[in-house]
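Let's take a friendly walk through one model, with the sequence and the coordinates side by side. Have a look at both before reading on.

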Amino acid sequence: MTPFKVHTKYSPAGDQPQAIDKLTASIVQGNKYNTLLGVTGSGKTYTMAKVIEATQMPTLIMTHNKTLAAQLYSEFRGFFPDNHVEYFISYYDYYQPEAYIPRSDLFIEKDSSINSELERLRLSATASMLSFDDIICVASVSANYGLGNPEEYKANVQKVETGQEYSQRQMLLKLVEMGYKRNDKFFDRADFRVNGDVIDIFPAYWEDEYIRIEFFGDEVESILKMEYLTNNTVKELDDVTIYSVNPFVVSQSRLAKAIESIEKELAERLAYYKENEKHVEYQRLKQRVEFDLEMLEATGMCKGIENYARLLTDKKPGETPYSLIDYFEAMNRPYLLIVDESHVSLSQFRGMYAADKSRKEVLVDYGFRLPSALDNRPLKFDEYINKKANFLFVSATPNELELNLSSAVAEQIIRPTGLLDPVVEVLDSEFQVEKLHDEIKKVVAKNERVLVTVLTKKMAEELATYYADLGIKVKYMHSEIDAIERNQIIRQLRLGKFDVLIGINLLREGLDIPEASMVAILDADKEGFLRSKTSLIQTMGRAARNSNGRVLLFAKRMTESMKFAIETTNKRREIQQAYNEKHDIIPTTTIRRLDEDLKMEEYDDTALKLEKLNKMPASERKKILIELNKQMNKAAKDLNFEEAIRLRDEIEKIKKA
């Protein structure tokens, strides 16, 4: 195992040293639940990293939204460059679950759009957990949903060692069983190709490298890790383990047993419908499940295979399904589960099961799914909170649940930078849009950024349009914008490509934008979830990373939530001010480097870069080549051969430059 080692030029400061020591001691002593109560900007993420380093435990970091997960992934990759930092969120850009509305007899078919890069990152996470001990995985709520059996996933692999003999035919059949496809023309992830005594395998979880296995007869002569784009050898290996393309892919014997169980359950359910004279439901279920069975027998997969998860994993009815957490437990060593922004995350985890169950019960009652589909579900809250993990709850505003459970509560009020909580001003909400416009111009003139939070998506969009017409560089962000685009929007804000970001609850927890010196909360007196005590404190905290931090609350009256949030902020500010005066500290704006996006680079300016090839670093040229190669392969698969040829010619120009 490679030891966890934090790489940073900073040392613990402010309240961080005592928080790190207190939490580490409690976890090492075996206390199951602990809490880090840290104000915004106090360096909670750094404290989390130092606790991981001190305890040397594999770690799962969970949070409630994709934007924050992307930010944490970027930060922890920077903290732990020598360790395996992975990313696990939903791989759907768009997802419409199947549902049935009885009163209108309307069935909504499952519809989704899978992001191939996020799918690769998920597969990389599950494969790495079963291959390495030095794992830090950043995950969203997706980690609570059902996955395949980790032991089955670990067993259903193809191991290859140099000097050993293997039947090439059996190896190829095994790869097909694991979900790989033979593709000798357009080699891509989850494909293999054969050329004489050479087998190339592109693991589904690798990005731009593949495995080349060279045989001499039935003996493996060499195993090479190859670069996908150039076909150059990266490294010579003594052995390699290839994992399945999907955690739900199972062995032939397990699949045969699952098919037998599906057939048995189908027969029982059809008998029930026949006995109760539910002829429509009978026909629906018979047609759908029999088609799925045909697909499973022919290919080992079917659409909606997750609905048969209990039968594929040999679980009993009602038994806790496998999830990403079980992949940590399969490591057979103590591990840490950090719940970031726990005041929101835990509440969201609690509500997932009931919402999922109500939708699926209707599908089962009306013959669209077998009863076992109910066991393809997220974890119940009790199942989650009682996992074997050592829990660390992290929040600026933890709930009573976390505080009551915890053996140790470490507080971080003092920031390492000496920054104070922001100054809070309450303004009359009459003409709030016009007043805010005047304040925005003052902030923009100082080359600083503004965050604005509103109550609805429509208002976010309309306000952005209104300010844009007045010459303000502005964008909006809400839940309909996908995870990668959200991350890019935040990056563009920090780069100064625009000055004002308008959102709803996405501007609350965890967004680390030190360039933002002002936060404006419109309609702050509209009591509710978005204007509760916790929400206001969290939103106000977005201005706490800048020495000019300032919060504007637009309201007609002073609500209890506003009063509590203002008093809490002012009290913390007094403590911080006293500490600074005692230690002669001058507050300085947080400095955070611009980590690369998940997309790593934007290629809209490819033509401009091509003009500067001679001066371009090799690493930059390689990135362009990889991206153009992906575009070329996609164009070829779409039968757009003219575009593929054009891209091929551009690739050749870059190679020759």
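Is leucine 536 buried or exposed? This is a predicted model, and in it leucine 536 has a relative accessible area of 1%. Because buried means under 20% relative accessible area, leucine 536 counts as buried.

Leucine 536 is found in helix 17. Leaving aside residues up to four places away in sequence, leucine 536 touches Ile521, Arg531, Ser561, Met562 and Ala565. Glutamate 119 lies 417 residues away along the chain, and its C-alpha atom is separated from that of leucine 536 by 35 Å.

The axes of helix 17 and helix 18 come within 8 Å and cross at roughly 45°, so the two helices are oblique to each other. Their crossing is right-handed. On the helix 17 side, Lys533, Leu536, Ile537 and Met540 take part, and they meet Ser561, Met562, Phe564, Ala565, Thr568, Thr569 and Arg572 in helix 18. The residues of this contact divide into six nonpolar, three polar and two charged.

Six strands form an open sheet in the order 10-11-12-13-14-15, with mixed pairing. Strand 10 and strand 15 are the edge strands, each pairing on one side only. Strand 12 and strand 13 run antiparallel and are joined by four bridges; valine 198 has glutamate 214 in strand 13 as its bridge partner.

| Helix | Range |
|---|---|
| Helix 17 | residues 533-540 |
| Helix 18 | residues 560-583 |

Note on methods. Residues numbered from 1 in each chain as written. Predicted model: local features only at pLDDT ≥ 70, side-chain atom pairs only at ≥ 80, totals over all residues. Heavy atoms only, no water. Axes fitted to C-alpha atoms, helices over the stretch in contact; angles between N-to-C directions. Parallel < 35°, antiparallel > 145°, perpendicular 65-115°, else oblique. Left-handed = near helix turned anticlockwise from the far one by under 90°. Contact = heavy atoms within 4.5 Å. Nonpolar A, V, L, I, M, F, W, Y, C, P; charged D, E, K, R; others polar. Pairing = 2+ DSSP bridges. Buried < 20%, exposed > 50% of the residue type's maximum accessible area, 1.4 Å probe, protein only.
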